[in-house]
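Dear colleague,

Please find below the structure that I am handing over to you.

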Amino acid sequence: MTISDEIVAVSSGARFYRADLHIHSYPASHDVKDAGMTPDAIVAQAIAEGLGLIAITDHNDISNVSNALTAAENTTLCVIPGVELSTSDGHLLVYFSQYSELEAYFGKLDIDRFCAYGESCPHRYTA
Ligand SMILES: [Zn+2]
């Protein structure tokens, strides 16, 4: 039974999982300079650290999400498809239960509309 199945099966009470739902990866996030932060390496490290759930939420980019999902197949780790959108009001983390939903949503976005500042956005991280 996967963690997703376990979460859905719990009808009452709470269950706690170790999770990191805000991870940036290389090269999908402009602020990640460490070439070792690949989806495969992130999944391997998450499993080694005993996490149950993770989400790769790169800035306005979903290109590494499917690789993380593939890397986590047949493991105990649940990868939640997500993205971090830059908006004029700050950053917005968005999650979906299925990659196809994330892909469809992301495909409808005009990313430039989300940040009037473009590349000089003051909300961008500088490492
Ligand atoms: Zn972020």
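Strands β2 and β3 run parallel and are joined by two bridges. Across this pairing, Leu53 stands opposite Cys78 in β3. The two strands belong to an open sheet of three, in the order β1-β2-β3, with parallel pairing. Because β1 (19-23) and β3 stand at the edges and have a single partner strand each, one side of each is left without a neighbour in the sheet. In general, the strands of a sheet pair through backbone hydrogen bonds.

Please keep in mind that this is a predicted model. Its chain has a mean pLDDT of 86, with 84% of the residues at 70 or more. Among the elements, α2 has the highest mean pLDDT (98), whereas helix α1 (residues 3-9) has the lowest (77). The pLDDT falls below 50 over residues 122-127, a stretch that has 10 contacts in the model beyond near neighbours in sequence. Where pLDDT is low, the predicted coordinates should not be read in detail.

Which residues touch the most other members of the largest nonpolar core? They are Val43, Ala68, Leu77 and Val79, in a core of 18 residues. At least two residues of this core come from each of α2 (39-48), β2 (53-56), α3 (65-72) and β3 (78-79). The most is given by α3, which supplies four residues. Leaving aside residues up to four places away in sequence, Leu77 touches Val43, Ala46, Ile47, Leu51, Gly52, Ile54 and Ala72.

With kind regards

Key: Residues are numbered from 1 along each chain as its sequence is written. This is a predicted model: local features need pLDDT of at least 70, side-chain atom pairs count only at pLDDT 80 or more; totals for chains, interfaces and linings use all residues. A nonpolar core is a set of buried Ala, Val, Leu, Ile, Met, Phe, Trp, Tyr and Cys residues joined through C-beta atoms within 7 Å. A residue is buried if 20 or more other C-beta atoms lie within 10 Å of its own, exposed if 12 or fewer, and partly exposed in between; C-beta atoms are placed from the backbone. Two residues are in contact if their C-beta atoms, placed from the backbone, lie within 7 Å. pLDDT is the predictor's confidence in each residue, from 0 to 100. Two strands pair if DSSP finds at least two bridges between them.
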